[in-house]
Amino acid sequence: NNNNNQNVDAPATYLFTRNGENTVSYSGQSQRIAMAEELISALKDETRDEVSLDAMFAHVEGDQDFSDPDMLELNASSKNVRSKTAGSADYFSSNSTDANAIKADFDRWISSQVNDVFPNWENTASPGNAGLAQELGGSIRYVNEKGLEYNQAFAKSLNGAFLADQICNNYLSSAVLDAGDNVTNNDNDVLVDGKDYTTMEHKWDEAFGYLYGAEEDETSPVLGVDSFLNKYLDKVEGDSDFAGIADDIYNAFKLGRAAIVAKNYTVRDEQVEILREKISMIIGIRAVYYLQGGKSEIANEDLPSAFHDLSEGFGFIYSLQFTRNPMTDAPYVSKSMVDGYINTLMEGDGFWDVTAETLDQMSEDIAAEFGFTVDQAAN
């Protein structure tokens, strides 16, 4: 490749055209994010049954599983969320054991919500008994016998298992970007049949779509527009300790896409490393944030509020195994470490008797893997 030394100029915004036509396309990602949104809402509707919730997760083209918001035509779509959960090329294509175990966790959270929590919707939760728990501020949380909100565990775990895994370990992977004839075709501007883009351009856009696919306008993202990585990037950007991360991520997506147009794969791959690190950071920071929030609520003797924070924390901890450290090409926190943390949180009566010491130790361990402090993440 002769272009390794040329400077790549990124456009002002994520806008790329060829012969006057927009070449950016990620409708499948927008659809999947919308499907996930409807599913996590449905998990809080105690009138739903397991079959319909499972069908939303593993949607089959043409099945009437969704209300079809925003003209996204979800029911007609061939896409679903479950197949893209622990579905990346780099982490799972040759690791079906973990992929299947992870999908089974999500299936079990749906099943347990329907079979353990929904029947106890009117009952007050207590150690060993699922039911409702009312925060001092008034919000009602619906928890299992250990104080875990399955709907939060499910929703927050999607940040890693679905979104970050697809971005960092699938669409930004050289196994996907450079598959088959992608490099030759990109070098020679060979477009996908009937489309205005090369395959490599499209794969990059699909990575972009998992973060920005719910935005009204990708050329000026406002953040906080979905319940997943986009929302939590907004939260992390709002912490002065990490301000600037939103621009770092947007600029890396933009420059990497411009590098593909310029056929400069060195610059592209430099942006991949930035994206893996920064997107992983969102998950690490929020894991610690919620562990510390739970610790504070326990100290305030507001256990239902602690259950809520710790249930969100559970999902972000679960998500850690899908992060990608560009120095090692492995997760910042391994699956076995994650399984250990989850077991520690759930042992005994779970959140009913978890200690501040346990939450602090876990927070310190996770923060150290990423190189930020517990204090930085906690506020």
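The model is predicted, so local features need pLDDT of at least 70 and side-chain atom pairs count only at pLDDT 80 or more, while totals for chains, interfaces and linings use all residues. Residues are numbered from 1 along each chain as its sequence is written, and side-chain values use heavy atoms, with hydrogens and water left out.

**Exercise 1. Determine which residues of helix α13 are buried and which are exposed.**

Step 1. Helices are DSSP runs (H or I, at least four residues), numbered from the N terminus. Helix α13 comprises the twelve residues 335–346. The expected span is 1.5 Å times one less than the number of residues, and for α13 this gives 16 Å, in agreement with the 16 Å between its end C-alpha atoms.

Step 2. Buried means under 20% relative accessible area, exposed over 50%, and partly exposed in between (1.4 Å probe, protein chains only). In α13, Lys-335, Val-338, Tyr-341, Ile-342, Leu-345 and Met-346 are buried. They lie on the same side of α13, because their arc around the axis is only 125 degrees (taken from the directions from the helix axis to the C-beta atoms).

Step 3. The general rule is that an α-helix has 3.6 residues a turn, so residues three or four places apart point the same way.

Step 4. Ser-336 and Asn-343, on the other side of α13, are exposed. The cover over the buried residues includes α4 (96–117), α11 (265–299), α12 (303–319) and α14 (356–370).

**Exercise 2. Describe how α13 and α14 cross, and name the residues that meet.**

Step 1. Axes are lines fitted to C-alpha atoms, for helices over the stretch in contact, and angles run from 0 to 180 degrees between N-to-C directions. The axes of α13 and α14 come within 11 Å and cross at roughly 165 degrees. The two helices are therefore roughly antiparallel (under 35 degrees counts as roughly parallel, over 145 as roughly antiparallel, 65 to 115 as roughly perpendicular and the rest as oblique).

Step 2. The crossing is left-handed, meaning that the near helix is turned anticlockwise from the far one by less than a right angle; clockwise would be right-handed.

Step 3. Contact means heavy atoms within 4.5 Å. Tyr-341, Thr-344 and Leu-345 of α13 meet Thr-358, Leu-359, Met-362, Asp-365 and Ile-366 of α14.

**Exercise 3. Describe the crossing of α5 and α8.**

Step 1. Helix α5 (residues 150–171) and helix α8 (residues 199–212) have axes that come within 9 Å and cross at roughly 160 degrees. This makes α5 roughly antiparallel to α8.

Step 2. The contact is formed by Phe-162, Leu-163, Gln-166, Ile-167 and Tyr-171 of α5 with Lys-203, Glu-206, Ala-207, Tyr-210 and Leu-211 of α8. The crossing of these two helices is left-handed.

**Exercise 4. Characterise Thr-85 and Ala-86 in the loop between α2 and α3.**

Step 1. Thr-85 is in the loop between α2 (50–57) and α3 (89–92) and is buried, at a relative accessible area of 0%. Beyond residues up to four places away in sequence, Thr-85 touches Phe-57, Ile-102, Lys-103, Phe-106, Leu-158, Ala-161 and Phe-162.

Step 2. Ala-86, found in that loop, is buried as well, with 1% relative accessible area. Most residues other than glycine have a negative phi. Ala-86, although not a glycine, has a positive phi of about 50 degrees.
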